[in-house]
Amino acid sequence: MADKETLDLIETLKANNEELLKQVALLTEQVAYLTNKLYGKSSEKRAVNPDQLSLFEEDNAFKMTRTCPRITETITYKRRKQVGRKQDILDSLPGEEVHHRLDDLTCPDCQHELKEIGSFCARQELLYIPAQVKRIDHIQHSYKCQHCSDEAPADKIIKAPVPKAPLTNSLGSASLIANTIYQKYVLKVPAYRQEKDLRRMGLPLDHKTVSNWHIKVCEYYLSSLYELLRKELLKLDVIHADETPYRVLDSERAKDYVWTFLSGKHAEKQIVLYHHGSRKGTEAWDFLTGFSGYLHCDQYPGYLRLSQQDVTLVGCMAHARRKFHDSLPKDKARESDATSVANQGIHYCNQMFSLERAWEDLSAEERYEKRQSELKPLLEKFSDWCSKKSISVLPSGKLGTAFQYCIKHMDKFMNVLKDGCLELSNNRAERAIKEIVMGRKNWLFSQSSTGAKSMAIIMSILETAKQNGLDQFKYINYLLDKLPNELSLLDNQRLEAYLPWAENVQLHCK
């Protein structure tokens, strides 16, 4: 009896020991991951391993049996040095001549008069002209019709029309407001830093006034254009989406977010919209009300309900690759080992992206056919590989998490095969949301939800302009100059003339 109790105790201790070892391995992995996040490189680019084999062969090809020695060769070549770039830049700019002549035209040796025999350009340089603020006085002229005045009891006076300013009784002209918007949202210069620069130019404005200008022009003009862009976006078949935290001081929410929704790569009309709100799924549902088509997104559960609204979710293979990258062994020797499971997962993803790059210039129909014949078998093989390998790894570890992510959302990854206009990743949305991330590192936060909403509207107008090849300053200046003089901003037909792809806008804002 004692022997049986001893054996049971030994088995219990063994089980406990195995569990503790798993916990130690998991915690060690987490410490290494967090340390790398703090101090390591963030890039996922990896050096090409010359011993790496193709994933189009059988799985046993990962058993790296080297049958021949590695041969290296040194390649030398000559590259033509780029010349003339500096001169091209100088020639593209307007010029002004500065002549240097002798004040005394007497020869220092014989004291006779010197005669000019020629001149040449000794050097060229670029002159920086600082910005300046100038007052413009709009003088309105009045005219009297003597004939009508003689026939009527009162004089008939006609005044010349004067263009309206964006903000009545304000120092903010269209160009001045446009410049503060460009400085803050394109160059990421916060309003309090602009305040110093404006004072240097002789304009004593505080940053609160500048921020108030941005809120008011959004309320009066840009919000109408934003809503029209949103309607145009919902007409498209493919949309990308992502979200990021954003700090709002006066918000009642524990954490605010900025969402981005943008058109697909192959859309004729390029649109980028930002939306401020919470991270609840209702934000995406409400914004995309009326949309039916494909939505590129990460697998945040807030998007899942959209599948009930005739929306097909398309997974992001870049997210899957990133999870395998995060699970790489932190030991340098093991990290570069092509036989490691994490490296095999990365290699599968790399093969898919390599195929997509090769098909980039094809038509949607040709890309669709290529995906059916080449990408579909690779995705199926990747799915089978994930199912087999996931059995032998710790489920709660980084590698286990990568496998569970891929297995759980494999149907979303497969949706890329349904249309040639879809993409393998959601990197378009991540690049768009990066504009918000870069901005919040500089201006840090918005004071109020109203300010955060105006930030989202302004960023939407500017990024959409950039995607359509416009000069962002020229476009926002054009809008603030023209929109105040429109009879009504509720007329969508008139407002369409101010969309970034409109002919007149393309003519004046390039």
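This is a predicted model: local features need pLDDT of at least 70, side-chain atom pairs count only at pLDDT 80 or more; totals for chains, interfaces and linings use all residues.

**Entry 1: helix α8 and its partners.** I began with α8 and helix α10 (residues 341–358), which pack at an angle of about 155 degrees with their axes 8 Å apart. I therefore list α8 as roughly antiparallel to α10. For the angle classes I used under 35 degrees for roughly parallel, over 145 for roughly antiparallel, 65 to 115 for roughly perpendicular, and oblique for the rest. The axes are lines fitted to C-alpha atoms, for helices over the stretch in contact, and the angles run from 0 to 180 degrees between N-to-C directions. Helices (H or I, at least four residues) and strands (E, at least two) are DSSP runs numbered from the N terminus. I noted the crossing of α8 and α10 as left-handed. A crossing is left-handed if the near helix is turned anticlockwise from the far one by less than a right angle, and right-handed if clockwise.

Residues are numbered from 1 along each chain as its sequence is written, and side-chain values use heavy atoms, with hydrogens and water left out.

Helix α8 (residues 317–326) packs with helix α12 (residues 398–408) at an angle of about 165 degrees, their axes being 8 Å apart. This makes α8 roughly antiparallel to α12. Here too I recorded a left-handed crossing, of α8 past α12.

**Entry 2: helices α14 and α15.** How are α14 and α15 oriented to each other? I found helix α14 (residues 427–443) and helix α15 (residues 449–467) packed at an angle of about 130 degrees, with axes 12 Å apart. The two are therefore oblique to each other. Their crossing is right-handed.

I next examined the loop between α14 and α15, where Leu444 is found. Phi of Leu444 is near 70 degrees, a positive value in a residue other than glycine. Leu444 is exposed, with a relative accessible area of 51%. For this scale I took buried as under 20% relative accessible area, exposed as over 50% and partly exposed as in between (1.4 Å probe, protein chains only).

Gln447 is found in the loop between α14 and α15 as well. The C-alpha atoms of Gln447 and Val248 are separated by 5.7 Å, although the two residues are 199 apart along the chain.

**Entry 3: a positive phi at Gln111.** I looked up Gln111, whose place is in the loop between α2 and β1. Its phi is near 70 degrees, a positive value in a residue other than glycine. Gln111 counts as exposed at 54% relative accessibility.

**Entry 4: salt bridges.** How many salt bridges does the structure hold? I noted 21, a salt bridge being a side-chain nitrogen of Lys or Arg within 4 Å of a carboxyl oxygen of Asp or Glu.

I checked several of the pairs. Asp155 and Lys144 meet through their side chains in a salt bridge (3.5 Å, N to O). Asp155 lies in the loop between α3 (146–151) and β2 (156–159) and Lys144 in strand β1 (residues 142–145), so the pair ties together parts that are eleven residues apart in sequence. Lys144 is partly exposed, with a relative accessible area of 44%.

Lys235 forms a salt bridge with Glu232, and the closest N and O atoms are 3.5 Å apart. I recorded Lys235 as exposed at 59% relative accessibility, whereas Glu232 is buried at 9%.

Glu423 forms a salt bridge with Arg428, with the closest N and O atoms 4.0 Å apart. I found Glu423 buried, with a relative accessible area of 14%, and Arg428 buried at 12%.

Which residues are linked in a network of salt bridges? I listed Lys188, Glu435, Glu463 and Lys466.
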